[in-house]
Amino acid sequence: QAQRLLGYFLLAALLLAVPFGESVAESFTDEFFRLKGGATYRLAASTPGTSVLDATMLHFEHDDYVNVSKGVGFQKAKHLYCVAPVLSQKDQRAVSFWVVGYDCCDKRGAFHCLGAQDITIRAGVVLRDRSGVFTQAARMAQSVHDLQILTKHEILLLAWMKDPEMYMQHLLASALTYAAMCSAGWLLVSC
């Protein structure tokens with residue numbers, strides 16, 4: 001009887017471990033290892049995006065900024081996909097770096113996503129645009145603001161933040177906390 005109960009607990013543990021493990025990987029560790037394995041660059045906003053295609057974290061020069069007045073919102077389904085260019089103080093027609101966000105801008109002009117108005121923030125995490133919608137929005141913004149139209153491979157999309165390295169450590173800490181909580185929960189249930 002006790003061996004059968006132990007067998008059921010082991011089977012239940014295995015059946016629960018897989019979805020919990022997948023959840024941790026999808027929510028935290030996949031992104032952590034992508035950031036850890038990618039390159040980090042310090043660069044000017046005028047740098048061509050094709051020269052840093054292996055980047056996962058970017059730090060911009062002190063005079064670079066997000067031009068929130070050149071934000072564009074691209075409507076798709078129920079969401080507004082927002083983009084704004086990262087520019088240098090110099091005249092710049094080719095823009096490779098775009099800060100993105102959801103539902104945090106007007107269709108034209110006002111962009112208030114993720115601390116973009118904070119002039120002390122000059123860094124970002126390079127994002128993957130699986131759906132292509134943010135890239136499409138950036139290309140639309142290039143056209144609207146009379147910027148050079150770049151190919152989708154020359155555009156890098158960013159989550160704008162003060163400290164990308166701290167964000168990466170937060171992902172790891174969150175993964176470990178989630179795993180520890182799931183393990184503790186299982187121990188409580190199985191006792």
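Modeller: Cys-104 is buried, at a relative accessible area of 11%, in what is a predicted model. The partner of Cys-104 is Cys-113, and the two are joined by a disulfide with an S to S distance of 1.6 Å. Cys-113 is buried as well, because its relative accessibility is 1% and the cut-off for buried is under 20%. As for the handedness of this bridge, the S-S torsion of Cys-104 and Cys-113 comes to about 95°, so the disulfide is right-handed.

The structure holds 2 disulfides, so let us turn to the other pair. Here Cys-82 is bonded to Cys-105, with the sulfur atoms 2.1 Å apart. The torsion about the S-S bond of Cys-82 and Cys-105 is about -85°, which means that this disulfide is left-handed. Cys-82 belongs to strand 5 (residues 79–87), while Cys-105 sits in the loop between strand 6 (97–102) and strand 7 (108–109), so the bridge ties together parts 23 residues apart in sequence. Both Cys-82 and Cys-105 are buried.

Now put the two bridges side by side. With the bonded cysteines of the chain numbered in sequence order, the pairing reads 1-3, 2-4.

One more cysteine deserves a word: Cys-182 has a relative accessibility of 22%, so Cys-182 counts as partly exposed.

Technical notes
Residues are numbered from 1 along each chain as its sequence is written. This is a predicted model: local features need pLDDT of at least 70, side-chain atom pairs count only at pLDDT 80 or more; totals for chains, interfaces and linings use all residues. Side-chain values use heavy atoms; hydrogens and water are left out. A disulfide is a pair of cysteine sulfur atoms within 2.5 Å. Helices (H or I, at least four residues) and strands (E, at least two) are DSSP runs, numbered from the N terminus. Buried means under 20% relative accessible area, exposed over 50%, partly exposed in between (1.4 Å probe, protein chains only).
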